[in-house]
Amino acid sequence: MLALTALVGVFLGPAAWRRLRQARWRQQPFPTTWRRILRRRWPLYARLPPNLQARLRRQMLVLLAETPFVGCNGLAVTTEMRVLVAAQAALLRLRDDAGSFPNLREVLLYPAAFVVDRTVPDGAGLWRSERRVQSGESWQRGQVILSWPDVLAGAADPADGENVVIHEFAHQLDQQRGAATGAPFLGHRDRYPGWAAAFGTAFAETRQREAAGQRTLIGAYGASAPAEFFAVASERFFECPAALAQAHPALYHVLSVYYGVDPLAW
Ligand SMILES: [Zn+2]
């Protein structure tokens with residue numbers, strides 16, 4: 001039987017084979033313990049309409065079947081950790097034709113925020129080394145790195161507009177076809193002009209206001225680069241949709257089309 005399954009895999013090619021396996025995982029029963037964790041630790045779950053709850057559970061089944069979770073710095077990964085990461089990530093894949101995260105290879109979890117050393121351009125043509133404390137990172141090679149306390153805090157308050165899982169998995173989507181640019185793969189060429197117009201206006205306005213010392217919904221970090229703007233706007237879209245729709249209606253609209261959901265209605 002195993003040999004036969006492998007033969008079918010070779011015959012279909014890796015992409016079709018993966019879709020076939022995903023379709024099977026989607027039909028698996030959703031464990032009661034996972035459901036309990038969602039109810040206890042992630043208040044947003046109860047607010048989702050039943051059809052989106054069901055879609056979220058199916059996406060979680062795929063994500064958790066496909067993705068290895070690695071505990072770093074001595075962290076022992078528990079079911080609760082895997083379920084809460086997968087649930088918040090699956091929020092980004094609720095559009096009815098959304099697949100999984102195509103390049104995702106593994107999730108690395110840390111017991112606390114972690115320190116990253118790297119060289120960054122100094123703006124004058126040279127490079128300087130920089131040390132940063134991070135709650136999360138997303139790498140183009142398919143790794144998402146998260147601090148567990150930040151994952152938990154993000155889940156506990158689903159209306160503060162801050163969510164490290166949404167942020168890093170938005171980067172993963174943005175990195176689907178190379179370095180993050182703030183424009184994820186939209187599926188069809190016709191969709192880019194509308195995205196660029198809505199996004200460009202909101203980004204320019206945010207940068208201008210931040211430069212003038214004014215408070216903005218997206219904030220200084222989001223204004224630092226288009227890729228960060230997309231990731232932070234995604235956090236606000238899911239966690240404070242009314243504020244985003246009011247501040248940047250066109251941006252809210254293109255995000256709503258891209259993610260295939262309307263959180264204002266939840
Ligand atoms: Zn980021």
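1. First, a term you'll need: a residue is called buried under 20% relative accessible area, exposed over 50% and partly exposed in between, with a 1.4 Å probe and protein chains only.

2. A word on what you're looking at. This is a predicted model, in which local features need pLDDT of at least 70 and side-chain atom pairs count only at pLDDT 80 or more, while totals for chains, interfaces and linings use all residues. Residues are numbered from 1 along each chain as its sequence is written, and side-chain values use heavy atoms, leaving out hydrogens and water.

3. Stay with Asn73 for a moment. This residue sits in the loop between β1 (69-71) and α6 (79-90). Its phi is positive, about 50 degrees, although Asn73 is not a glycine. For background, most residues other than glycine have a negative phi.

4. Now the whole chain. The protein chain has 13 helices and 6 strands; these are DSSP runs (helices H or I, at least four residues; strands E, at least two), numbered from the N terminus. The C-alpha atoms fill a box of roughly 65 × 40 × 40 Å along the principal axes.

5. What about the inside? Buried residues come to 45% of the 266 in the protein chain. Counting contacts (heavy atoms within 4.5 Å) with a separation of 6 or more, 63% join residues 24 or more positions apart.

6. Next, the domains. The chain is divided into domain 1 (16-157) and domain 2 (181-266), with bounds from an automatic or database domain assignment. Their centres, over C-alpha atoms, are 21 Å apart. The contact between them takes 13 residues from domain 1 and 9 residues from domain 2.

7. Finally, have a look at helix α13 (residues 249-259). Its buried residues are Leu251, Tyr252, Val254, Leu255, Ser256, Tyr258 and Tyr259. In an α-helix there are 3.6 residues a turn, so residues three or four places apart point the same way. The buried residues of α13 pack against α8 (164-174), α9 (191-211), α11 (226-239) and α12 (241-247). After α13 comes Gly260, with a positive phi near 70 degrees.
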